[in-house]
Amino acid sequence: MEVLESVVIGAGQAGLSASYHLARRGVRHVVLDADDAPGGAWQHRWDALTMSDVHGVADLPDAPVPPAEGHERANVFVPAYFAAYERAHDLPVERPVAVDRVESVPGTGDDLLVVHAGDRTWRTRTLVNATGTWRRPFVPRYPGQEVFAGEQLHTVDYPGPEHFRGRRVMVVGGGASAVQFLGALRPVTDTLWVTRREPVWRTEPFDPEAGREAVAMVEERVRAGLPPRSVVSVTGLMLREQEAEAERLGAYERLPVFDRLEPDGAVWGDDPAGVPGRGRRTEQVDVILWATGFRPDVDHLAPLHLRSPRGGIQLGATLATSTTATADPRVQLVGYGPSASTIGANRAGRAAANAVARTLSSRVDA
């Protein structure tokens, strides 16, 4: 069986960046993508998300993002940009290939990695994991969740504001997506906003320097082996022009997380037995929109035992090793932690390709 020098899993922004830099270094590789078409997670975003709503799409290496009209759908514009990039650079993408697991096979001479996808396998000396988070939506558990009689859906299934017209919607989550959903929903229906923590609003402009500082703060966690947080968790929240009307209507008057759910809504305060607590409050709602984020899509890497005792996959402490799994230097992670946003994805792709090249070179020298 052919032995590749590297396999990239995922063809989103980080995966395409890694493939570009691997190709420039002459590293023989393949990119395995689970989707039917180019575009990464962007192709799955809701139709109502236009390019004027997008917080920013970073340039892929050697290919500036073309000018966009504000009304263009993001789930069309960005995938077209990615598709053109794959063609222009002749990147070796195979799709649809859904990777099931990656294993290390001792006794193969060079201790190769084997990538499994159904009945297909690839053997490789190194791996670049770029699977991001989109396939791992996170919904927290709260008492009474199973008895709530209304509709519950996560960001990943958001159908656009018209779906909610005339229905009272409780948006749960303290991130940028929750702010954006409230901005779209409050002008057409009644909303409540629920967060675990008091929102932190950003007053300074979010320029490239601020972006680099935010990425550095998230990097500290993954270097320590902790589960990563999103970049927006350290940048703070900002309201844009299109959210001004929702703000005027009171959309951003936040409530703490409820104590439990009931068939027709949420309850704060007294327990089900009626024991007095901190004051009972009930709110009737028709829909719960869980804007509660995503988790890294890395279950297929479980056979490699990369997780640290602190719950995350620890990455290297230097710029040169910033994408390298401490537990297995053959494995690079991009689209993980600080590179889960477009701010850090391209830098991570370059760093991963450099690390792959060093690993291959060290084996030759040995």
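**Figure 1. Arg45 lies over the face of Trp42, at a distance of 4.8 Å from the ring centre.** A charge is taken to sit over a ring if NZ of Lys or CZ of Arg is within 6 Å of the ring centre and within 35 degrees of the ring normal. Arg281 is placed over the face of Trp268, where the distance from the ring centre is 5.9 Å. The model is predicted, so local features need pLDDT of at least 70 and side-chain atom pairs count only at pLDDT 80 or more, whereas totals for chains, interfaces and linings use all residues. Residues are numbered from 1 along each chain as its sequence is written, and side-chain values use heavy atoms, with hydrogens and water left out.

**Figure 2. The protein chain as a whole has seven helices and 17 strands.** Helices (H or I, at least four residues) and strands (E, at least two) are DSSP runs numbered from the N terminus. Of the 366 residues of the chain, 49% count as buried; the term buried stands for under 20% relative accessible area, exposed for over 50%, and partly exposed for values in between (1.4 Å probe, protein chains only). Among contacts (heavy atoms within 4.5 Å) between residues at least 6 apart in sequence, 64% join residues at least 24 apart.

**Figure 3. Five strands form an open sheet in the order 9-16-10-11-12, with parallel pairing.** Strand 9 (151-154) and strand 12 (254-256) are the edge strands; each has a single partner strand, so one side of each lacks a neighbour in the sheet. On average, neighbouring strands of this sheet are turned by 25° against each other, direction ignored. Two strands pair if DSSP finds at least two bridges between them. Strand 11 (residues 191-195) and strand 12 run parallel and are joined by three bridges; Val194 has Leu255 of strand 12 as its bridge partner. Helix 3 (residues 176-185) packs on the sheet, in contact with strand 10 (169-172), strand 11 and strand 16 (287-290), and its direction makes about 170° with that of strand 11. Axes are lines fitted to C-alpha atoms, for helices over the stretch in contact, and angles run from 0 to 180 degrees between N-to-C directions.

**Figure 4. Helix 3 is largely enclosed by the rest of the structure, because seven of its 10 residues are buried.** The buried residues of helix 3 are Ala178, Val179, Gln180, Phe181, Leu182, Gly183 and Leu185. Their cover includes strand 10, strand 11, helix 6 and strand 16. Ring pairs also link Phe181 with Trp46, Tyr158 and Phe164 into a cluster.

**Figure 5. The structure holds 13 aromatic pairs, as found by a search of the whole structure.** The rings of Trp134 and Phe294 form a stacked pair, because their centres are 5.2 Å apart and their planes lie at 20°. Rings of Phe, Tyr and Trp (its six-membered ring) pair if their centres lie within 6.5 Å; planes under 30 degrees apart count as stacked, over 60 as edge-to-face and the rest as tilted. Trp134 counts as buried at 12% relative accessibility, whereas Phe294 is partly exposed, with a relative accessible area of 22%.

**Figure 6. The rings of Trp201 and Tyr252 form an edge-to-face pair, because their centres are 6.0 Å apart and their planes lie at 80°.** Trp201 is in the loop between strand 11 and helix 4 (208-223) and Tyr252 in the loop between helix 6 (244-248) and strand 12, so the pair ties together parts 51 residues apart in sequence. Trp201 is partly exposed, at a relative accessible area of 35%; Tyr252 is buried, at 13%. Not counting residues up to four places away in sequence, Tyr252 touches Val179, Leu182, Gly183, Trp193, Trp201, Leu239, Glu243, Ala246 and Glu247. The C-alpha atoms of Tyr252 and Thr191 are separated by 9.4 Å, although these residues are 61 residues apart along the chain.

**Figure 7. Ser6, in strand 2 (residues 6-9), is buried, with a relative accessible area of 0%.** Not counting residues up to four places away in sequence, Ser6 touches Leu22, Val27, Arg28, His29, Val30, Thr124, Thr126, Leu127, Val128 and Val356.
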